[in-house]
Amino acid sequence: MRSAAPLFRFDDRYARELHGLYEPWRAAPVPAPALLILNAPLAKELGLFCEALASPDGVALLVGNRIAEGSSPIAMAYAGHQFGSYSPRLGDGRALLLGELVGGDGRRRDVHLKGSGRTPFARGGDGKAAIGPMLREYVISEAMHALGIPTTRALAVVATGEQIARETPLPGAVLVRVAASHLRVGSFEYAAATGDLDLLRRLADHAIARHYPELATAERPYLDFFREVASAQAVLVAQWMHVGFIHGVMNTDNTTISGETIDYGPCAFMDRHDPATVFSSIDQRGRYAYGNQPRILQWNLARLAEALLPLIDEDEERAVAVASEALQGFEERYLSAWRLFMSAKLGLASDIVDRVDAAAIGAGVPALLEQQQVDHTLFFRRLSDTLRGDTGPVRSLFADPSAFDAWAPAWHKLVPATANERRAVADAMDRVNPIYIPRNHLVENALSAATGGDLAPLHELLEAITRPYEERAGLEAYAKPAPANAAPYRTFCGT
């Protein structure tokens, strides 16, 4: 049934332009939809009215029980390398693209359901989702947005009123996700594998028009497109590294063309700094460990380059040569972004980022933190206190502060000398170094309570992490890591 009220006015450009890359489909009926949480700021950004979204008709639209104006629900097709192994047919096994909205800011965004039931791409699962994992995606994606990191966002989480079978029965939910697009490296792998050059070209032209329209008239648009995607992903992973974020499942089907973070399954934020940190229960060999993320992103981009070769040049040898050269630029772009972000975190002026002494100070920070597994977030946040004359907070993070004492003098030489200037730098550092991140133990507490029907801890957590740079009285617990004697943290995909 279509909605009588034009709450959503969708466009279905993807469905119109990319036949062969989707299956038309409907969401499984939701027996008793009940809105758990609605993202009011995002709704406003999209030009939607919260009161209408929260109404019975609005909630019916959010879960796919009703179809909105202009919507042609589809399950998107894509392939992917999962933990390095190629899967030729993945696709939206439990998700649907409802359509595209043009918000008040003129930006086009996808509106997408997750947990909406089995599709033709389902691979043995029930296509459903539990409340906990869907609220996890809401929490982490909103935290990433508040940190200034490109990300998909959650518009709403709706309880379905049914129990789904996992290790134990769990209350079901549907996530309504918003993204610049859901185009992935895996989308191009799928199109290339069909052998249909026209389909591959249509996909690339669609992606260029959507994300990099300035390339449409370029001399080599598909090569330049690859360079732009690689650059966006290089900056993205540099941002992940600086906040201690671990994606957990960096498959090529979870690598976007837009440069947004997508798919918050077994993700988590690192407390103690250790490049070998892995939280995902399925990443038994540490392929997607914190320290491996830049290398894995480059590997994923190599798969995109392979898919694009027929478009880059008719001569395969020439195509490989220029694509390989473009791929080599990833490391330089990543390191440039990493140094720039590190300089801001250390309060160093942008005009000294490339100086040898500044680069050496920044490059030494990971080893400094790893040596004693210092809390990643608190080190940078408390470092600013030293510029206000108090070294106690940051030194207390080290079991043996002599390591910090040996590193600090060289850093001090690169920041201003006067007290007033140092206070200004300290304030600037606090604007880029968060005090609140989604600490894993707090996330689990909030999700456990929400699964049991108590949403108060979830809202309290969101209040802290959506204003991550503003330290506030009463929120001290949200700045603390898990107790040292806590059990090793593990995350799960939720399927």
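**View 1. Contacts of threonine 151.** Leaving aside its neighbours within four places in sequence, threonine 151 is in contact (heavy atoms within 4.5 Å) with Ser141, Met144, His145, Glu260, Thr261 and Tyr264. The model is predicted: local features need pLDDT of at least 70, and side-chain atom pairs count only at pLDDT 80 or more, while totals for chains, interfaces and linings use all residues. Residues are numbered from 1 along each chain as its sequence is written, and side-chain values use heavy atoms, with hydrogens and water left out. Threonine 151 sits in the loop between α5 (131–146) and β8 (153–165); helices (H or I, at least four residues) and strands (E, at least two) are DSSP runs, numbered from the N terminus. Its relative accessibility is 7%, so threonine 151 counts as buried (under 20% relative accessible area, 1.4 Å probe, protein chains only). The side chains of threonine 151 and tyrosine 264 are joined by a polar contact of 2.4 Å. Such a contact is a pair of N or O atoms within 3.5 Å; within protein, one must be able to donate a hydrogen and the other to accept it, and residues adjacent in sequence count only if both atoms are side-chain atoms.

**View 2. Helix α6 (residues 185–193).** Of the 9 residues of α6, 7 are buried, so the helix is largely enclosed by the rest of the structure. These are Val185, Gly186, Ser187, Phe188, Glu189, Tyr190 and Ala191. They pack against β4 (80–82), β5 (85–87), α7 (197–211), α8 and α9 (293–312). Just after α6, glycine 195 has a positive phi of about 75 degrees.

**View 3. The largest cavity.** Its volume is about 70 Å³. Among the 13 lining residues, Gly64, Arg66, Ile67, Pro73 and Leu98 are the closest to the centre of the cavity. A cavity is a set of points on a 1 Å grid over the protein atoms alone where a 1.4 Å probe fits but cannot get out; lining residues have an atom within 4 Å of a point. The lining of the largest cavity comprises 9 nonpolar, 2 polar and 2 charged residues.

**View 4. The second largest cavity.** This cavity has a volume of about 60 Å³. Its lining includes Gln233, Trp240, His247, Glu260 and Thr261. Helix α8 (residues 221–243) gives the most to this lining, with 3 residues. The lining divides into 5 nonpolar, 6 polar and 1 charged.

Technical notes. On a 1 Å grid over the protein atoms alone, a cavity is a set of points where a 1.4 Å probe fits but cannot get out, and a pocket is an open set with protein on both sides within 12 Å along at least five of seven lines; lining residues have an atom within 4 Å of a point. Grid points are joined across faces, edges and corners, and a volume is the space filled by probe spheres set on the points. Ala, Val, Leu, Ile, Met, Phe, Trp, Tyr, Cys and Pro count as nonpolar, Asp, Glu, Lys and Arg as charged, and the others, Gly among them, as polar. Buried means under 20% relative accessible area, exposed over 50%, partly exposed in between (1.4 Å probe, protein chains only).
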